[in-house]
Each structure stands twice: as structure tokens, then as C-alpha cells.
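Subject: Structure handover

Hello,

Here is the structure I promised you. Please open it and keep it beside this email as you read.

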Amino acid sequence: MIVAEQKPFEQIFNSVKNYENIMVLGCGTCVTVCMAGGEHEVGVLTKQLILAAKQNNVNLNVEELTITRQCDKEFFDENTTNKIKEADAVLSLGCGVGVQYIVELFPDMIVKPGVNTKFLGANISQGLWSERCGGCGECVLDEYEGICPVARCAKSLMNGPCGGSSNGMCEVDPENIECAGQLIYDRFKRLNKLETLLEFKPAKNWSLSRDGGPRRVAREEMMFDDE
Amino acid sequence: MDKNKTSSDSHLEQVLYSGEFTLTGELGPPKSADKNDIIEKAKSLKGYVDASNITDNQTAIARMSSIASGVISLEQGLEPVIQITTRDRNRLAIQSDVLGAAALGIKNILCLSGDHQSFGNHPTAKNVFDIDSIQLINMLYKMREEQQFECGDMIRNGKKGPVVEPKIFIGAAANPFAEPLDFRVMRLEKKIRAGADFIQTQVIYDMDRFKQWMEEVKQKDLHKKVYILAGITPLKSARMAKYMKDNVSGISFTGDIIERMEKAEDQKAEGIQIALEQIEEIKSMEGVHGVHLMAIGGEKSVPDIVEKAGLMPRPSVKEMKT
Ligand code: SF4
Ligand code: SF4
């Protein structure tokens, strides 16, 4: 899933305090799961904003709403659309995609981001999420037996690990980041195929990644004729 | 690599090829445009080492470029080994730099991934890592041996232009002390297969581990496929030793070294004494072809060490060619 984290409250408040009617819009998908922008967070943030407005003598009306997904047209139903249109600005707690999608649907609306979108990752333990995929466009997980060197090595080394690997940890943050090269090594050892790590991995094709420009996926069999 | 012939005009390669115990040094470019800094450092190393590494934005701190510094060093008569990291430049920039470096007379390049930018003075920078150090080795190898760019195009200016490939003596680093330990020889083998001609190791403060690594290297006959230069850095103080032990990943110490430094009255002299003993030990080790002497910020202390180690005079180019 997409993992996000709420922006510092002061930053959020400053970005919306000059609008009279704001609408805090949550998203029921990824940011709900990572507890950054779901219904619960929307509720808490709304109360915080009302309180801060009072303390700062700011006239601020705050509405709240959470929809299933901010990156899909079908979830912007009539009720949602009307509510958004009544506001002077939307504070989206969806990821960066959600923010932009609302702008596309409501070209006259001001939309402010309430979260910092971090990465594609997984929940590791209570309150801890960790990056797993860099969306490189051409997955090489089969070559690395399910451990991604692109997203998990601080240097994206395809022929790692580098000399900074120590006690299984990466030199960049030995307390918190596991060395991807070591993880790959351990996995190959466990699978009894260490000798295949000797194979040279050529330079990766980054044109399928963000480096090739913004990407799209087009599946003709799913398109309607009039689109 | 075929050790029965040379593949470049590098003086360093000639010395290694001759079988002479070889010495490389290290020169750190200044954090300014001060040309004299390089001239002075090159003057103190010249004649005492066979070639000198020129670091590339070492520890991710912006400094004078390694190629520019290398050319200044060359003008002083000190053969440079240009370091190139894949942290700051992509395959386009690196290949263009390699062509330029070769045109300016650079003959040796050491391929590194580079310290992560979070360690340096621009921690908010974006890194590149388009390729890694092993892919860089292979890119230089392909340029030299197949006269091709990474993309497969011939290294020539148009269809009728002459093929003028960079004839680079290709270096790589090896760290016998990093983890996973039993992968370290495999990684060396990988670098050799990719096209490395010579290896400089991480600094040795754990001679036992280094010997063990060399044993594994010899078991696989890798010492016959690549030249190995053992990394030596004289310790300046017990404090420096402890700092490195606690803060630098991939450096290992045997207990007695720190103890010796602590007990010494003159710690600097003791550091040099330890280095001399290490060099003596390495000289007699089968499969090690020389020493890479890194005196961090102490380019001036190199002559003293080289003389005391009985490694003077250094072989000259002329002798090599006859
Ligand atoms: S290889 Fe690419 S697509 Fe696959 S997990 Fe890694 S970054 Fe994601
Ligand atoms: S220590 Fe491991 S994860 Fe960190 S940069 Fe080196 S190889 Fe990558």
C-alpha cells in the first residue's frame, strides 16, 4: 500500500486558516490502513482545527467527510460533490494522488495536502511501516528471490552489498535499516543457491521507471469505445 | 584479466606487471579551487609511490573534481588513479568523463559506488546510482576491450571517424572486513569477472582476518587473475582508532592495536611503527602485489614511511620499458 504520514499540525493549520469554509476529506484506502488519513484521523484533525481556530481568533468552518477512495471517480458521488463545492478549500488526507485527483475533478477548487506521501510499503509491526517497492516499472524480484535491491538498498545496488554492510545493517542508518545486500545473501544461502549470486547483473533499464517521464498503463481490452 | 600482457599504458600497470612490490598513495583534492594544494601534495608523493589515488568527492563532501586534480597531479609527474563513484553521475556523465580523462592522459580509474550522500556536507542531495561499482567496472572494460559504449555504440565520432577507445587500467575496491564475511571473496570474484585489473583493499587493522581472506582468495586462484594492493593507513592516535572502530562500518580491529596505541608515549610514532610492521608482513605474503598507503590528510608523512619500509627507490618508467 501507499504509506503516508500526517504533516505537522502547524503546517496544516497555516495552509487552511485563511479560508472560511474548509472540508477535511479522508480516504478509506491506503491512508486509512496506515492511519494517516482515514475517518478516524479526519475526525481528530477536524477537532484540532476547530480548537486552533478558536485559540487564534480565526473564523473557520470545518466540515468532515471520508470517502472510499480519492483516486477513483466513482466514489465522488452527488453528496460528496456538493459538499466539496460548498467549501472554499479542501484539505485532503489522501495521498498525493488523491490531492491531484480532486484538483482534476474540481478545477476551481483549492486543495491542500494534509499528509506527506512516503512510499510503497508494508506494516511491519504495530505502528511501524517500511518501504518495499520503488515502482521501478520492471520488477526484478524473481532475480533476487523476493527481496528488492531497488527500494531496499540505500544505493539501489544491483550487485551488492557494498562495503558498508555491518551486522546485517546498512551504513546509512545501522540502527534502523537492514542491508538489502545481506538480506539477499541470506535468502540465497537459505535456498542453497549462493553460487548464482556470482552472476553479473547488468545496468538496469531505468526508462521504465520514473526516469522515463510520468508513466501510464493503457489496457485496450478494458477501454470503452467512446473513451 | 590476462596477467601475461598489459592492457594500458599505465605506469602502475607496468610496475605491477614487472612483479615489483608496488605502492600506491592517496591524494585528497581540496575543498576549494586551490591548485597549489594539489601541486604541494603531488610533490610530496612523487617518487615515493608508483601512482596515487585521487578521491572523488570523498565522504560525499564537495571537492575539486578528481579528474581536474588528476591532471594537475600528472603535470607534477605523479601518475593519478582517478576514483569515480556512481553516486553523483549516471552512465552518460561517467562515460563522457572517462573519454575526457583519457584524452587528458589519465590511465587508471578506480570504480566505487561511493559513500552515501547522507554522510557528507550536502545530505539533502539526490543521489544517482544509475549503475553500481561492478557495472562501472564492466562499462570501462567494455569500453577498452570492445570499443563500445554501455549502449553498444562504437566509440567513434561518426561512421568514418577513428575508433579511439579509452585504454584504462581498471581498479576496484575490496573490503575483506565487511559483511557478510563469506561473501567477500565471492564479491571479489564478481569484480574480477566484470573486468577489474587491480584491487585496493579497505585499510587493514585486523591482520588475521586479512590473512584468512587472502587464503580464500588463493584457494580460488583469484590472486592470479588480479593484482591486489593491501590498504594501510597509519593510525594517528588511539582516539582515531576508537572512533573508527565505533563509527565506521566495514573496518575491523584486532584488540592489541588499540591497546598498543593507548600505551604508547608517542602515539603518532607508534601508528607509523604499526604500519611499518604491517607492510613488512604483507611484503612476504603470497598473492599480495603491493600496498595502498593512505595517509589521511598526511600526504607529507608518506616519504618517511616508504623510506623506513625499505621500499626506495621506486622503479622508474624507463626501467620498466626495457
Ligand atoms: S524490482 Fe521494481 S517493481 Fe519490483 S519490488 Fe523492486 S522497485 Fe518494486
Ligand atoms: S550497506 Fe547494504 S543496503 Fe546499505 S548501501 Fe550498502 S549494500 Fe546497500
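**Around ligand 1**

The shell around ligand 1 holds seven nonpolar residues, two polar ones and no charged ones. Remember that this is a predicted model. The residues of that shell are A:Cys133, A:Gly134, A:Gly135, A:Cys136, A:Cys139, A:Val140, A:Leu141, A:Cys148 and A:Val150.

**Around ligand 2**

Which residue classes make up the shell around ligand 2? There are eight nonpolar, two polar and two charged residues. A:Lys155 and A:Glu171 are among the residues around ligand 2.

**The domains of chain A**

Chain A is split into two parts. Domain 1 covers 2–118, and domain 2 covers 136–201. Taken over C-alpha atoms, their centres are 38 Å apart.

**A sheet in chain A**

Now look at the strands. Three of them form an open sheet in chain A, in the order β1-β6-β7, with antiparallel pairing. The edge strands are β1 (2–6) and β7, and each of these pairs on one side only. From one strand to the next, the twist averages 70°. As a reminder, strands of a sheet pair through backbone hydrogen bonds, either parallel or antiparallel.

Zoom in on β6 and β7 of chain A. Strand β6 spans residues 115–125, and strand β7 spans residues 128–133. Five bridges link them in the antiparallel sense. A:Leu120 sits opposite A:Cys133 in β7(A), and A:Ala122 has A:Ser130 as its bridge partner in β7(A).

How many residues lie between β6(A) and β7(A) in their hairpin? There are two. A:Gly127 is in the turn, with a positive phi of about 80°.

**A histidine in chain B**

Move to chain B and find B:His292. This residue is in strand β8, residues 290–293. Is B:His292 buried or exposed? B:His292 counts as buried because its relative accessibility is 2%, and the cut-off for buried is under 20%. One is that of B:Thr24, at 2.7 Å. The other is that of B:Glu26, at 2.9 Å.

Best wishes

Conventions. Residues are numbered from 1 along each chain as its sequence is written. Chains are lettered from A and ligands numbered from 1 in the order in which they are written. This is a predicted model: local features need pLDDT of at least 70, side-chain atom pairs count only at pLDDT 80 or more; totals for chains, interfaces and linings use all residues. Side-chain values use heavy atoms; hydrogens and water are left out. Domain bounds come from an automatic or database domain assignment. A residue is near a molecule or strand if one of its heavy atoms lies within 4 Å of it. Ala, Val, Leu, Ile, Met, Phe, Trp, Tyr, Cys and Pro count as nonpolar, Asp, Glu, Lys and Arg as charged, and the others, Gly among them, as polar. Two strands pair if DSSP finds at least two bridges between them. Helices (H or I, at least four residues) and strands (E, at least two) are DSSP runs, numbered from the N terminus. Axes are lines fitted to C-alpha atoms, for helices over the stretch in contact, and angles run from 0 to 180 degrees between N-to-C directions. Buried means under 20% relative accessible area, exposed over 50%, partly exposed in between (1.4 Å probe, protein chains only). A polar contact is a pair of N or O atoms within 3.5 Å; within protein, one must be able to donate a hydrogen and the other to accept it, and residues adjacent in sequence count only if both atoms are side-chain atoms.
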